[in-house]
Amino acid sequence: MPDTLSPMAQMATIGLRDAREALRDRFVLVAIAALTLAALVSFVTGAIALNGDAATYAQAKALLLKLGKDASVIAAPELYPLKLLRGTIEQIEIMGAVIALVAGYRAAAAERGNQALALILTRPLHHWQYLAAKLAGGVGLAAVLLAVVFTVTGMLLPWVSGVALSAGDALRLVIAWGAGVLYLAGIYALGFGLSLWARSPAAGLITAFALWLMVVLVAPQIGDTMDPDNQVAGGIYAQLSVPKAEQDRIKAGFALYETIRGGIEQASVTKHYERLTFAVLGIKDSYTGKPLGPILTEKRGDLLFLLFFTLGIGGVVLLRPINPDRLTKET
Amino acid sequence: MTVMLIVRQALSGIVRDRGVLLLVVIFAAMVAVSAFLGWSATNTVNAIYGQAVDWLTAQGAVVPPNPMHQTPPLASLRNLPVYISFLGAFAAIVIGQELVEAERRAGVLPLIGSRPVPHGRVAVARMLALLIATAFLITVAGAVAILALLSLPLQMQVADWGALAWALLLGWTYMSAFGLLALGFAARLQGTAAGLLAATVVWLAITFVLPALTGNVNPTAAINPVSALALVPDTPVFHWLSRLLGPVSLSEAFGWLEARTMGYLPEGLAPRAPLPLLGLWLAFVGSAAFAFHANKTLDPNGGCDA
């Protein structure tokens, strides 16, 4: 890397080297293929299940009409195309996060494994420039990865659902993509930082995986499991045939329990990403068909949490100097 | 050099590994939390049922039976299999990876290869070390579970303790299958952490992709002890996929077996494949065979990372 290069050019050199390596060893292609496949599996199986519900409804309706009865007593299954993305979003939450962690680990291990980082640090290059280039690479990877996932599923949506997407739907997909990029970039920064600071990159990866288990799986799982409606197949209120108003009254009596449950869920960035995207895409019933403006206003807390999470971890990674002595102890 | 000497050396390396220690601590803590969660959630549902009964009676409506009525005490630990299937399995994967990776990084593989010890014996020793480590993990889980059950107001019968022992044995089998897989991958793939990543990919596919294919169970539902026990949607595609992929959908087989053992299996819910226990044991034996072969044929020069 010539000394005459501008700081931006130096950063671009580091970023491009990483990109070339990721393309050469097919990591990017494998990552894109794996997440797209997982997302498509959830998307297609969700669509098949919905078609099954629609067929069952049609049969039941035909039977009622044949018997001369009122068909309106059975509710028709709702068809909102974006609702089919529930599984896709959940795969991004879990599989996407693993890919981001591994990408962060690779970015740190690339120069640590062969001591190239120690050599790079002897050059007239600020630590933050090296780190910023790596973080920008992570944002780029997340953007491309999710662009492929949302483009493929977005193209399949009208075909699978039989309903064309409106411009508003496209905007909702773009917002979900942006939130996903923020989420995965934060996880990438976590994997990168821990793999860079740890005694060895592999130890950093294991610590990052432990955190992933806690933040992405355990915390949301606890909140989900503590939900009384998830204790009984089909939901406790549905089984007891209690109307919504009475449900709300009963729930009010368990405010402390719900506060603890909600608090555990809210400690997880994954849950904020899920709440934001489920609301924007109308996956959660209470937001289905509602205009985007009020949803974004209501969910700005989740968006801010995502922003602070990603900028916070990115900032810590950027500001913490690299310890060259630590690197030379790498085994 | 005896098998036990290699086992002792391997285990002492694992004990010193902070990553493994971190996972063991998290695992033990979550087992304790799981007992409280199950008990607390059951109490809350019972309280909700009580209030709903008051309202239904006042309305003159039919009062359905309490869906949580006569839930066996072990059902309070229904989160335990979930934590075994992701925290325990991942800890086993890390241990399997470390058993080979630590020797490769330290550069002792050529030394081991130069000794007059059959490679098969070294492979058996590594597998034994892994099985002892996972047995330790499940023993910790069992001890924490027993403490939690004794400290909660639950009436445990002798049969319940037997069921807990069987549930833990199933958990050990499940965790060890993934640990052995990682042990095999770590021997076969020489890149740093490559074995860890390969085993993790298999684990992710089994936990989050196969349940979607066999029963439209989304990832979040797949790690919920109740939601994961879903009926196969009544469409030809799912019936066909369930028959085809059910035998390899290991996490669903494990979840079903644990739910039946611990008494929270919904009535009439069939497993995805006819013989889930056989599937679990076959997965264990298959992983063991792979780990043995990969370690027996491991390049004693340690590969490019040595």
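**Chain contacts and helix packing**

Hi everyone, let me start with the two chains: their contact takes 50 residues from chain B and 51 residues from chain A. Please keep in mind that this is a predicted model.

Who supplies the chain B side? Helix 2 (18-59), helix 3 (80-106), helix 7 (194-215), helix 8 (219-222) and helix 9 (236-245) of chain B each give at least two residues to the side that touches chain A. The largest share, 15 residues, comes from helix 2 of chain B. By class, that side of chain B divides into 34 nonpolar, 12 polar and 4 charged residues.

Now let's look inside chain A. Helix 5 (residues 127-161) and helix 6 (residues 167-197) of chain A pack at an angle of about 145 degrees, and their axes are 8 Å apart. Their crossing is right-handed. On the helix 5 side, the residues in this contact include A:Gly138, A:Ala142 and A:Phe150, while helix 6 brings, among others, A:Trp177, A:Gly180 and A:Tyr188. The contact of these two helices has 16 nonpolar, 3 polar and 1 charged residues.

Helix 6 of chain A also packs against helix 7 (residues 201-226) of chain A, at about 140 degrees and with the axes 7 Å apart. Angles over 145 degrees would count as roughly antiparallel, so helix 6 and helix 7 of chain A are oblique to each other. This crossing, too, is right-handed. Among the residues that meet here are A:Leu190, A:Leu194 and A:Trp197 from helix 6 of chain A, and A:Pro201, A:Gly204 and A:Leu211 from helix 7 of chain A. By class, this contact has 8 nonpolar, 4 polar and no charged residues.

Thanks, everyone!

Terms used: Residues are numbered from 1 along each chain as its sequence is written. Chains are lettered from A and ligands numbered from 1 in the order in which they are written. This is a predicted model: local features need pLDDT of at least 70, side-chain atom pairs count only at pLDDT 80 or more; totals for chains, interfaces and linings use all residues. Axes are lines fitted to C-alpha atoms, for helices over the stretch in contact, and angles run from 0 to 180 degrees between N-to-C directions. Helices (H or I, at least four residues) and strands (E, at least two) are DSSP runs, numbered from the N terminus. A crossing is left-handed if the near helix is turned anticlockwise from the far one by less than a right angle, and right-handed if clockwise. Two residues are in contact if their C-beta atoms, placed from the backbone, lie within 7 Å. Ala, Val, Leu, Ile, Met, Phe, Trp, Tyr, Cys and Pro count as nonpolar, Asp, Glu, Lys and Arg as charged, and the others, Gly among them, as polar. Angles under 35 degrees count as roughly parallel, over 145 as roughly antiparallel, 65 to 115 as roughly perpendicular and the rest as oblique.
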